[in-house]
Amino acid sequence: MDKKVTGILAYITLIGWIIAFCAGDKENAKFHLNQALVLWILNLVLSVVGIIPVVGTIISLVGSIFVFVCWIIGLVNACKEVEKELPLIGKIQILK
């Protein structure tokens with residue numbers, strides 16, 4: 001897979017991210033792999049926080065909307081092959 005396909009696949013599903021990481025062009029698409037991984041981890045954290053009654057539900061709802069908007073931005077950037085950081089969470093580096 002080339003850089004564009006690897007980047008797009010990383011944002012589609014968690015299984016897509018795993019496939020992109022294992023079989024894709026890791027070196028050239030590392031930026032989008034990292035951004036997508038940060039989104040998946042943030043989504044997981046928000047799911048756990050959502051268990052807390054009332055306050056957790058509100059935080060989870062607002063956070064989920066933020067994650068969805070960031071997901072759209074990341075997917076569009078991957079389609080355009082642009083390495084533009086996501087708002088607020090773009091500087092987090094998990095993959096080096």
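How many helices and how many strands are there in the protein? There are four helices and zero strands, where helices (H or I, at least four residues) and strands (E, at least two) are DSSP runs numbered from the N terminus.

Hi everyone, a word on the ground rules. This is a predicted model, in which local features need pLDDT of at least 70 and side-chain atom pairs count only at pLDDT 80 or more, while totals for chains, interfaces and linings use all residues. Residues are numbered from 1 along each chain as its sequence is written, and side-chain values use heavy atoms, leaving out hydrogens and water.

Along its principal axes, the C-alpha trace spans about 45 × 20 × 20 Å. Of the 96 residues, 33% count as buried; buried means under 20% relative accessible area, exposed over 50%, and partly exposed in between, with a 1.4 Å probe and protein chains only.

Let's look at helix α2, residues 14-23. Which of its residues are buried? They are G16, W17 and A20. These cover an arc of only 105° around the axis, so they sit on the same side of α2; the arc is that of the directions from the helix axis to the C-beta atoms. The face turned away from that buried side carries the exposed I15, C22 and A23. The buried residues of α2 pack against α1 (3-12) and α3 (26-49).

If you click on A10, you'll find contacts (heavy atoms within 4.5 Å) to residues including W17, A20, L33 and W40, leaving aside residues up to four places away in sequence.

Last stop: salt bridges, meaning a side-chain nitrogen of Lys or Arg within 4 Å of a carboxyl oxygen of Asp or Glu. The whole structure has three. K3 pairs with E83, their closest N and O atoms being 3.6 Å apart. That pair links distant parts of the chain, with K3 in α1 and E83 in the segment after α4, 80 residues apart. E27 and K30 meet at 3.8 Å, N to O; because they are three residues apart in α3, about one helical turn separates them. Finally, K91 bridges to E85 at 3.3 Å between the closest N and O atoms. K91 counts as exposed at 68% relative accessibility, and E85 as partly exposed at 38%.
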